[in-house]
2 protein chains.
Amino acid sequence: MPKRVDHGERRTEIAEALLRVAGRRGLHAVGMRDVAAEAGVSLRLVQYYFETKEKLLLHGLEHLAERFGERVAARVRAAGDAPGPRAVIEALLMASLPSDEESRTFHLVYTSYAVLAVTDPALAAQPFIRNPDAAEDTLTELLRQAREAGLTQADLEPRVEAISLLAMSAGLGTGVLVGQRDTRSAAALLRHHVDRIFTGGE
Amino acid sequence: MPKRVDHGERRTEIAEALLRVAGRRGLHAVGMRDVAAEAGVSLRLVQYYFETKEKLLLHGLEHLAERFGERVAARVRAAGDAPGPRAVIEALLMASLPSDEESRTFHLVYTSYAVLAVTDPALAAQPFIRNPDAAEDTLTELLRQAREAGLTQADLEPRVEAISLLAMSAGLGTGVLVGQRDTRSAAALLRHHVDRIFTGGE
DNA sequence: AACTTGATGGTACGGTCGTATCACAAAGAG
DNA sequence: CTCTTTGTGATACGACCGTACCATCAAGTT
């Protein structure tokens, strides 16, 4: 046998190449040859590790979601040791706003995938429901904790506010992406609503 | 000269064919030939009335925005004669949620356009800023009127709430589109926030 | 040493896409 | 009646795309 290469590692490299070029030129414009060139390998290798383009896209989406999850987790950790629910919530919301190149790419590519998934049944809706639902559950639980700790009004509905904040974050993110709004004003808007929620207790 | 055909009319027919097929199979999958078949004309005619695909897309986007504007206006009118700001606001928000086939297509195609516009400088960012900005101004003005009429808290910030509601509506709309959420719960969420805003006055 | 097998490169095939070209019919203008 | 112009059809071209096929090299195995 030859070199014995770690398939998982190689697949990750190629998937990240896919995300990079998708972030630059849009997911719709990404071909197998572009991915190969970006990853510095031959077209054949992309075929070798992902037999078909559809599998490449699917793996790319999973990898994107995973990397984004790690990014959010890192931001939350950076919010300090033993941060309160509010700090965690703010970190969580801010992390998903397009600010630097990475989060901008994330937003763009994720939205592209979503659009594709609506019409293409092959790109299972799975990842588009599981991950957002997980974020929703997490945020709901954080708000519930805040309410129990008396940091919010007693009649706060955690899930309602969680869904609202995430929907707002997504909508604002799109606005930033198309250049309608800048990141700072979007962040200020989100903080305004966090302020609103964290009022009435204390 | 031959038949002397109304160009504007024909362009509209073709643009609507574009929107129909884009709504079914996704904007990324739409070719000139698909549009021609959907409109019941030959490929050549599509080329004749829109020289290039890019111009076809651009005109399609403008037509989409226009039709959507009319739709919202109709919904607002249907809210009754001399409706209060609140009824108008609710009608405005609900109309832009994907409920029937038309609004679902609108959301999908508009999002597709937005994704394309991020990377393709030819698809001018114009329509993606002008129209949302107009909606934002309209909603801001409605909220300001409501505040002046004492229907809301006196310290309400009209523009902040307008942007928030529209961003939420967009985010929720995407959620509905990908099947994460159903239309009724999204509508209920929006109404919840309208309720929140229209409180404290009276 | 011969063989097997995983990793890789090169390249060709069939299809589709946007666009361009050529041809022609029909309807007024002179 | 001829001529010009507008609308319409058919088809061809060149590019690109995803996929498939074939060859080759390297590293163990027997």
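Predicted model: local features only at pLDDT ≥ 70, side-chain atom pairs only at ≥ 80, totals over all residues.
Residues are numbered from 1 along each chain as its sequence is written, and chains are lettered from A in the order in which they are written. Local features need pLDDT of at least 70, side-chain atom pairs count only at pLDDT 80 or more, and totals for chains, interfaces and linings use all residues; side-chain values use heavy atoms, without hydrogens and water.

The buried area is about 3,000 Å² (accessible area lost on being put together, 1.4 Å probe, summed over both parts). Carbon and sulfur atoms give 70% of that area.

The interface holds 2 salt bridges (a side-chain nitrogen of Lys or Arg within 4 Å of a carboxyl oxygen of Asp or Glu). R181(B) pairs with E136(A), with the closest N and O atoms 3.2 Å apart.

Over all chains, the structure has 36 salt bridges. R71(B) and E102(B) meet at 2.8 Å, N to O. The pair ties together helices α4 and α6 of chain B, in parts 31 residues apart in sequence. R71(B) is buried at 10% relative accessibility, whereas E102(B) is partly exposed at 35% (buried is under 20%, exposed over 50%, partly exposed in between; 1.4 Å probe, protein chains only). In chain A, a salt-bridge network links E16(A), R67(A), R71(A), D100(A) and E102(A).

Technical notes:
Buried area = accessible area lost by both parts, 1.4 Å probe. Helix = DSSP H or I, 4+ residues; strand = E, 2+ residues; numbered from the N terminus.
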